[in-house]
There are 2 protein chains.
Amino acid sequence: MTPSREVAASAVIHVVDDDDAFRAAIARLLRVAGYEVKDYRSAGDYLVDAPPDGPGCLLLDLHMPGPDGLELQEAVLRRGDGLPIIFLTGHGDVRQSVRAMRQGAADFLVKPVNREELLAAIRAALQRQERELSTSRWRRDLAERYATLTPREKQVLEGVVTGALNKQIAALLGTSERTIKAHRAKIMLKMRVDSVAELVHASAALRPRGAGGKPVD
Amino acid sequence: MTPSREVAASAVIHVVDDDDAFRAAIARLLRVAGYEVKDYRSAGDYLVDAPPDGPGCLLLDLHMPGPDGLELQEAVLRRGDGLPIIFLTGHGDVRQSVRAMRQGAADFLVKPVNREELLAAIRAALQRQERELSTSRWRRDLAERYATLTPREKQVLEGVVTGALNKQIAALLGTSERTIKAHRAKIMLKMRVDSVAELVHASAALRPRGAGGKPVD
DNA sequence: CGGCGCATTGCACCAAAGGACAATGCGGCC
DNA sequence: GGCCGCATTGTCCTTTGGTGCAATGCGCCG
């Protein structure tokens, strides 16, 4: 699909703030700094568009009519836009900052914000995103492929990544070894991998919390 | 080494605060809630002791003579105590809270703190630690086993988890397939796993950033 | 020097995985 | 009813992986 272009489209900063004047000022500042800027007057304005998927980040105000910044953050997380979020707000209160950070915000700044500080925060956020971008895209692809597996195939996959032998999986599912082989072949095709190792990697990446391990002992 | 005892030694809350009265009050409150408490008057008092390794968490004041809470946090991270840190401070300022959270604090509360809120934070922190504890122990074990591999075996392992065939690994290392088989057997023994799947899991857990994936396409 | 750990291999053999070709049964959908 | 996706199997054959047994060569240490 995507012809691998490394044209490094300059990062897009998505600014969501209900204060027109402030938004304009920030946009100008960021453009001067070399970023592409898209601005939105409300959470809804941002959410109606399809999730952007290039490099970039979000700059959110906390207090806004309609859904506020934190709510928008949750929505963004749910939707899975890959963008890191920087909050930029007038009356930063500790509780809110803690909540925002705990929900994965990249930073939380308080107006008035020093120009250098803002740019530094953005640079950090973009850098962080760059690290996550490729892997998150990869995960999305995997999830798509996984979704094409039939229920039975998912069961077999489960067995395979557990290290079970075909005959064991067969016994477990109450079918024959031959059947398992058939499913396995299908799985390898659908998941687009060509080794068990890759399959294990892939299915590990699919599990919710990447941290998990197997203290099975 | 460690005889697996599941005696669930009640969690220890380490309270570091320079305010004697406050410390005493908190300690009392926590003891009543069923926790074991150790209190320290300063960062130094905490750091001189060996890092505790049972279940528990840290409750830190931010403003203290000598190293302050944030500095103590850094020291604790460097030292690798496995304990989650909750900040509890009088004049919480957003910048500090953000910094604390970014450095991995479990929570950041502002005095005066609601009793329930504090206990909830502690419960959450302990729960979080519990999750991390087992996997971090598991990783440590893996690292130990990995360390026993000879350089050659590590190379072979690399190939195996990449999904390479024995013959390919052999070609890569310039030896025979038989040799690879020999190494593989040794690896499975030393790493204490009995399937390639487990091996892949294990070696993935060994890599620094657990997030990593393979956008090898 | 002799022992030890490590890397290397050969041969034979068995077990497991995978591909080829083919076929059956079931439940939905047009 | 006929087509299709999904699950199921069978047989046959090839490729890989894994083991047992045995042996060689090298560098290091006491």
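Contact here means heavy atoms within 4.5 Å. By that cut-off, 94% of the interface residues of chain A are also interface residues in chain B, so the copies meet through the same surface. The model is predicted.

Start with the symmetry. Two copies of a chain are related by a rotation about an axis and a shift along it.

Next, look at one copy by itself. Chain A has two domains: domain 1 spans 5-133 and domain 2 spans 148-205. Their C-alpha centres lie 41 Å apart.

Now turn to the interface. Chain A contributes 31 residues to the contact, and chain B contributes 30 residues. The size of an interface is often given as the accessible area lost when the parts come together. Between chain A and chain B, about 2500 Å² is buried. Carbon and sulfur atoms account for 61% of that area.

Polar and charged pairs also cross the interface. Seven residue pairs are in polar contact between chain A and chain B, both residues being at pLDDT 80 or more. Four salt bridges join the two chains. One of the salt bridges pairs the side chains of A:Glu117 and B:Arg95, at 2.8 Å from N to O.

Which elements of chain A give two or more residues to the side that touches chain B? They are α4 (94-102), β5 (107-110), α5 (115-147), α6 (151-162) and α9 (196-206). Of these, α4(A) gives the most, with six residues. The side of chain A that touches chain B divides into 14 nonpolar, nine polar and eight charged residues.

Salt bridges also occur within a chain. Over all chains, the count comes to 26 salt bridges. Among them is the pair A:Lys111 and A:Asp61, whose closest N and O atoms are 3.9 Å apart. This pair links distant parts of the chain, 50 residues apart. A:Lys111 sits in the loop between β5 and α5 of chain A. A:Asp61 sits in the loop between β3 (56-60) and α3 (69-79) of chain A.

Four salt bridges link chain A and chain B.

Conventions:
Residues numbered from 1 in each chain as written. Chains lettered and ligands numbered in written order. Predicted model: local features only at pLDDT ≥ 70, side-chain atom pairs only at ≥ 80, totals over all residues. Heavy atoms only, no water. Domains from an automatic or database assignment. Buried area = accessible area lost by both parts, 1.4 Å probe. Polar contact = N/O pair within 3.5 Å; in protein donor to acceptor, adjacent residues only side chain to side chain. Helix = DSSP H or I, 4+ residues; strand = E, 2+ residues; numbered from the N terminus. Nonpolar A, V, L, I, M, F, W, Y, C, P; charged D, E, K, R; others polar.
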